[in-house]
Amino acid sequence: MFSLALHSLRHRAGTFVATLIAAYLGAVLIAACGGLVETSLRSEAPPQRLAAAPAVVAGEQRFEIAKRDPAGDKKRTRTVTLAERVHLDRDVADAISGVDGVRSVIPYVSFPARYGNTDLIGHSWESAGLTPYKLRDGRAPQTGEVVLDTSNARGIHLGDTIELAVQGTIEQFRVAGVATTSQDISESADVFFNDSDAARLYDHPGQVDAFGVYTDGDPKAIQDELGDTVSVLTGDARGEAEFPQQIAAAERLSPPFFASGGTAIAISLFVVANTLSLSLRQRQKEMAMLRSIGATPGQVRRMIIGEAVTIGVVAIAAAMATGKLLGSAVFDQLVHVGVVDEVIQYHQGVVPMAAAAVSTVLAMIGAALIAARRVTAVKPTEALLESAITQRGVSRFRIIGALVCFVGGGVFIFFASAVVTGPEMVAMAGPVVLLWCVGIAMISPVVVQVAELLLRKPVQVLTGVPGWLALANTRISAIRVASAVIPIVLAVGVTTANIYLQTTQKAVSQKAFADDLRAGAVVASPTGFSADTLQQIQRTKGVAQASDYVTSSVFVMSPFLGNQKRTGIPAVGLDGQAAEELNAARVVEGDLKKLAEGVSVALPDVLAAEMHRKVGDKVTLRLGDGRDVTMPIVATLDQREGYEQIVLPSSLLAEHTTLGAAQKVLVKTAPGVSDEEVVSRIQATLKDAPVTVGNREKLIEDQAVSDDVTAWVNYLAVAMMIGFVVVAVSNTLVMSTIRRRQEFGLQQLVGVTRWQIMRMVGIEGLLIAFIGILAGSAAAAGTTVPYSLATMNSLLPTGPPAVYATAVLGAVGLGIISVTIPAWVATRSRPVEAVAVGD
């Protein structure tokens, strides 16, 4: 029967090509999504500035946190990643040097600097060999001198004095040399200081970022000597010491990649199965004839499976050759928009391609067996009779499947709206639209029949005879029409739901941020702030209050707090004297001003209640760099559900960040003074300082940029799905239309003109698009409306109407074009020839 399958495919090139295209694109989409997931799971960044060191010793960025109360019988933990760099004490170098085989230990430090508008990364000259950098001109820097790399030395000569922004101030340095390296440096250019200057400018006295180790022994011996508090890294893993925050950010993309990838995979498999099912339904008469001449049900099934496997294998072979291109292109776009740092490497190995191959073949086989189940289950004569009758009903299996999808979608959306809070609601609500779409697809013939009944009168009135013919074809061929409607339902439903969920979530996040903020202006400096700069801001006329503003994330270590996110709990740092005036959250108990008394914390009231703690009790927090600090609770705050933040003294939180200093200052304007006036006055006061000054909207815009990270992942995933579904819609409509050559010939023989047939087909395309748009909109509304009600207390989601308008117009245009062009081709031959030749 396999040879018969190959023979059949050879003589049905059109069907073969259409199904092959769907399978190929489905496999490519699955492989691309798998590559993005693999990349986020591996999160590899090869070393650049540490590339010459055989081994690197760095602080351990990951630790195990309890998922269940440690006091219980069962202890379960999860691995989480710290938000900031874990620094090491310089004394660790002595312990490393004492390990057998270690020849030298070189400390590595990095800190931000700025020359004009160019961002630089500062280092001590002693670490230049870790890249390695070598002097091209000049000599090593002495106190008050720097060595530039070749990328930032253009137009600068040895002996020139340049001004660099460091630690929020401008300092002058003499250029002592220019260094060069053969190592690719993808981030900011480097500038090297004398070791004493670097120690002064580095905001973590007595500490380093990492140590480069040159050893003749086994690096594992260093790990054994130092224990689990450090990581001894070799090979590409050395990049973890150089880019800990970039790698942590890439790891945080795993959940959205999984969610978007899972949706894309489900859609691709569903569309592939739908396309194959349509092609097999068009051959139901052929299969019935095989049964009538003696073919057994098993032989027919083997033939169908043979065809499906053949198509699948060819599609997979083509996808293996080109599958990496799509994933790589999407990843490059994510890098371009800033979602992923450019130091992260894209990986698409064997596993994504194997997953694409297995899932595509299984989808093909499953669809083939389901499509052929009826013709192989009845007697040959019954199969032949049924093949001559157009089926319009829906099987019990489809009805049960639809009910399961609708009930499952309802349960998911209820759970997401009633139990889950914050951005996690999007992750829960997103897959629901797919359940709605699949449920609608299961009963799509019934949906088509109901829609036809409702549209019958208006369509007949507006379009006359062609409309009557189009309605008759839609009513009689409900299953064929439903196959074309399904991809449009998926395109409209998934696109609008995912985009509007993201835009609504972004609006909710920005509102929560703005509601907790009383600042009218913000001053930013990438190199940090000096105490003098902060005092100048506070003395500016029209400034009521000003405070350092620091953001990070922390973990609660004691008392036990379950269900902490892998990214920790968001934390903000404010000066204790200004915290009450700059933070708009309502104080439930205690006093925010007591943050000024030293190491203390203000907790969200829901968090304090969950831990059974009140004002005066103590909690232990693990700050961003891994240091545990026990502190009293001085206040509890009423904050927006799902967007709670812990408030700490800015000096405490800043000390435990990667930079070690605040990079923003929030300013509250005095009564009767506009924000614009204060911004202008601060700009005048700090005209010579390396800072930028903006109003409240600037701060909210900066927050919106961080909210866009997950959104961009979903937008690009939706773009991939749209591209696939557009091809699938065209494929399905072309395949179903071109097979109606005999039908068009018969209509012409009884007096219907070619122009009337084209109008009829165009109206059919409009009906297909309209039904798909209505059903897809219903599926999207079943997700976006509950989410909008739960988060914004509004029936309508937040977002540009142009998104929905584009989806609607695209579906209409695609529906008309995809049926009229094949119909024009199918009606070119003489009617008698078309009837004689048939399909």
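Four strands build an open sheet in the order S5-S14-S1-S15, with antiparallel pairing. The edge strands are S5 and S15 (230-233), and each pairs on one side only. From one strand to the next, the twist averages 20°. This is a predicted model.

- S5 and S14 run antiparallel and are joined by six bridges.
- Within this pairing, Pro-107 stands opposite Phe-211 in S14.
- Helix H5 lies across S1 (55-59), S5, S14 and S15.
- The direction of H5 is at about 175° to S15.

**Strand S16 and its two partners**

- S16 covers residues 521-524.
- Ala-521 and Val-523 point one way from S16, while Val-522 and Ala-524 point the other way.
- All four of these residues are buried.
- S16 is joined to S24 (residues 664-669) by four bridges, and the two strands run antiparallel.
- On the S24 side, Val-523 stands opposite Val-665.
- S16 is also joined to S25 (residues 692-695) by four bridges, again in an antiparallel arrangement.
- On the S25 side, Val-522 stands opposite Gly-694.

**Helices H15 and H16**

- Two packed helices are described by the angle between their axes and the distance between the axes.
- The axes of H15 (residues 444-476) and H16 (residues 478-515) come within 9 Å. They cross at roughly 100°.
- H15 and H16 are therefore roughly perpendicular to each other.
- H15 contributes Ser-444, Pro-445, Val-448, Gln-449, Asn-473, Thr-474, Arg-475 and Ile-476 to the contact.
- H16 contributes Ala-478, Ile-479, Arg-480, Val-481, Ala-482, Val-485 and Ile-486.
- The residues of this contact divide into nine nonpolar, four polar and two charged.

**Salt bridges**

- Side chains of opposite charge can pair when their charged atoms come close.
- The count of salt bridges in the model comes to 21.
- One of them joins Arg-103 and Asp-216, at 3.0 Å from N to O.
- Arg-103 lies in S5 (residues 102-108), and Asp-216 lies in the loop between S14 (210-215) and H5 (219-226). The pair therefore ties together parts that are 113 residues apart in sequence.
- Arg-103 and Asp-216 are both exposed.
- Another salt bridge joins Asp-628 and Arg-622, with the closest N and O atoms 2.6 Å apart.
- The two ends of that pair fall into separate accessibility classes: Asp-628 is partly exposed at 42% relative accessible area, whereas Arg-622 is buried at 17%.
- Arg-42 forms a salt bridge with Glu-44, and here the closest N and O atoms are 3.3 Å apart.
- Arg-42 counts as partly exposed because its relative accessibility is 39%. Glu-44 is also partly exposed, at 25%.
- Arg-42 and Glu-44 belong to a network of salt bridges that also includes Glu-38.

- Thr-263 sits in H8 (residues 254-281).
- Its relative accessible area is 8%. Buried means under 20%, so Thr-263 is buried.
- Leaving aside residues up to four places away in sequence, Thr-263 touches Leu-434, Val-494 and Met-721.
- Thr-263 and Val-494 are 231 residues apart in sequence, yet their C-alpha atoms are 8.9 Å apart in space.
- Gly-410 has its place in H13 (residues 396-418).
- Gly-410 is partly exposed, with a relative accessible area of 25%.
- The C-alpha atoms of Gly-410 and Val-432 are separated by 8.0 Å, and the two residues are 22 residues apart along the chain.

Technical notes:
Residues numbered from 1 in each chain as written. Predicted model: local features only at pLDDT ≥ 70, side-chain atom pairs only at ≥ 80, totals over all residues. Heavy atoms only, no water. Buried < 20%, exposed > 50% of the residue type's maximum accessible area, 1.4 Å probe, protein only. Pairing = 2+ DSSP bridges. Axes fitted to C-alpha atoms, helices over the stretch in contact; angles between N-to-C directions. Parallel < 35°, antiparallel > 145°, perpendicular 65-115°, else oblique. Contact = heavy atoms within 4.5 Å. Nonpolar A, V, L, I, M, F, W, Y, C, P; charged D, E, K, R; others polar. Salt bridge = Lys/Arg side-chain N within 4 Å of Asp/Glu carboxyl O.
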